[in-house]
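Morning, everyone. I have one structure to walk through today. Let me put it up.

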Amino acid sequence: MSAKEDIKEIRQLAESLGYEIIGEFVQKRDKTTPYYLGKGKIEEIKKFVEENVVDAVIVNDSLRPSQWYNLEKLLGVPVYDRIRIILEIFADRAKKKEAKLQVKLAKLRYEKPFVRELFHKVKKGEKAGFLGGGEYVVADYYEMIKRQMRKIKEELKKIAKERDIKRVERRERGFYIVSIAGYTNAGKSCLLNYLTGEKVVVEERVFSTLSPKVSRYKKKGAIPLLFTDTVGFIKDLPHWLIDAFHSTLEEIALADLVVVLIDASDDIEEMKEKALTSIKEIKSLKKNPRIIIALNKIDLVEEKELEEKMKIMEEFLERKCIPISAKTGKNIDLLLDEIYNNLPKPANLEITLPNYENSFISWLYKNAEISHYHFDGVVRIKLKCSERVRDKIIGKCRKLGGEVRVYGN
């Protein structure tokens with residue numbers, strides 16, 4: 001059931017969990033009722049439920065606990081709102097420990113107000129529903145939720161500390177982090193695979209990635225790049241749900257650059273809405289982020305249609321859009337050019353060492369791009385490196401009694 005005319009997304013969400021939709025009921029309303037929709041429409045839905053085999057009723061909205069309680073009591077079947085459906089999808093997709101903990105935390109946060117509602121109802125002597133069993137059972141369950149939430153938060157803090165250590169190591173080695181973001185199912189994992197040679201499973205379904213994957217750009221260069229792929233965005237998520245995935249979304253918040261993917265095969269209004277949702281969420285995570293917009297899946301769009309969409313989206317977003325296909329690799333070179341143009345330029349160094357120092361030279365080959373090497377009793381090296389390791393190279397070289405000259409591009 002829905003108080004909004006657009007039910008395409010909720011249908012996709014439900015079907016991604018394997019539900020078969022056997023009836024749709026829409027009543028456009030600016031304000032919902034204690035039963036979410038109007039009395040007449042709710043009676044119509046109740047009759048449909050009684051006359052058909054219905055496992056659950058799905059609501060295209062976030063329900064207040066009292067609305068959920070009223071609907072379940074009236075309809076006699078489980079009622080899932082939009083947030084609960086999303087949480088069920090998250091639970092189905094979570095594979096790694098951190099993702100499972102984050103989903104568990106989100107589900108507990110979701111349940112808290114509903115259990116509180118049940119507690120109020122049973123105190124008044126009403127039947128508590130599927131979480132029932134009396135006042136004390138509901139109260140104990142509520143306390144258990146709070147204990148579990150505290151425990152999960154502590155575990156997630158430990159995992160976050162481990163990730164912080166890895167981030168520091170990457171920066172010390174001169175890496176720049178480019179986060180691939182966008183609406184769910186925009187092709188983020190596919191782009192990560194193409195750029196890094198990874199084999200992340202790519203599935204045409206929502207929220208296929210919940211755990212961040214960080215991988216190095218497969219071609220070594222003066223500016224070493226790490227690409228990270230994380231959970232996709234979706235509109236109208238409550239802040240508490242986004243907060244549950246805070247440690248995962250930090251990969252976006254701490255990135256040097258964010259590539260926002262938009263599915264070019266969507267209709268133009270969907271593209272606009274998904275682009276705004278993605279950019280809004282990124283800006284809530286990071287102040288003044290550097291953003292590049294890429295229209296993905298152009299292999300699914302006719303050339304003339306793509307030209308029209310490009311023009312509309314660039315005017316709408318007031319920024320350049322790069323058309324790409326992460327599947328075929330088309331225009332990925334243009335995307336990489338734009339990425340490098342938005343990062344600090346590499347530093348050019350000329351090093352002279354009085355003696356051959358094997359460990360230092362091996363380190364240079366790992367952390368810089370060597371363009372010239374000559375040894376005639378004195379080591380002479382020309383290299384390009386990330387701004388982040390320039391000072392470290394200069395310091396190491398001078399410690400060894402060498403000289404360093406910085407020159408232009």
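First, a caution: this is a predicted model. Everything I say about it is computed.

Start with helix α7, residues 188-196. How many of its nine residues are buried? Eight of them, so take this helix as mostly covered. The buried ones are K188, S189, C190, L191, L192, N193, L195 and T196. Note that the list takes in a lysine, K188, and an asparagine, N193.

What covers them? The cover includes four strands: β3 at 176-182, β4 at 213-216, β5 at 225-229 and β6 at 257-263. It also includes a helix, α12, at 332-341.

K297 has a positive phi, near 65°. Where does K297 sit? In the loop between β7, residues 291-296, and α11. Is K297 buried or exposed? Buried, because its relative accessibility is 10% and the cut-off is under 20%.

Next is E318. Its phi is positive too, near 55°, and again this is not a glycine. E318 lies in the loop between α11 and β8, which spans 321-323. Here the relative accessibility is 73%. Exposed means over 50%, so E318 counts as exposed.

So much for the loops on either side of α11. What about the helix itself? α11 covers residues 303-317, and E308 is found in it. E308 has 45% relative accessibility, which means it counts as partly exposed.

Last stop: a nonpolar patch on the surface. It is formed by Y356, Y365, Y373 and F375. Together they have about 410 Å² of accessible area. F375 is placed in strand β10, residues 369-375. Its relative accessible area is 44%. That falls between the 20% and 50% cut-offs, so F375 is partly exposed.

To recap. Helix α7 is mostly covered. K297 and E318 both have positive phi, with K297 buried and E318 exposed. Thanks.

Conventions: Residues are numbered from 1 along each chain as its sequence is written. This is a predicted model: local features need pLDDT of at least 70, side-chain atom pairs count only at pLDDT 80 or more; totals for chains, interfaces and linings use all residues. Side-chain values use heavy atoms; hydrogens and water are left out. Helices (H or I, at least four residues) and strands (E, at least two) are DSSP runs, numbered from the N terminus. Buried means under 20% relative accessible area, exposed over 50%, partly exposed in between (1.4 Å probe, protein chains only). Contact means heavy atoms within 4.5 Å. Patches are made of residues with over 30% relative accessible area and no salt bridge: like charges are joined within 9 Å, nonpolar side chains (Val, Leu, Ile, Met, Phe, Trp, Tyr) within 5 Å. Accessible areas come from the Shrake-Rupley method with a 1.4 Å probe; for residues, only the protein chains shown count as cover. A salt bridge is a side-chain nitrogen of Lys or Arg within 4 Å of a carboxyl oxygen of Asp or Glu.
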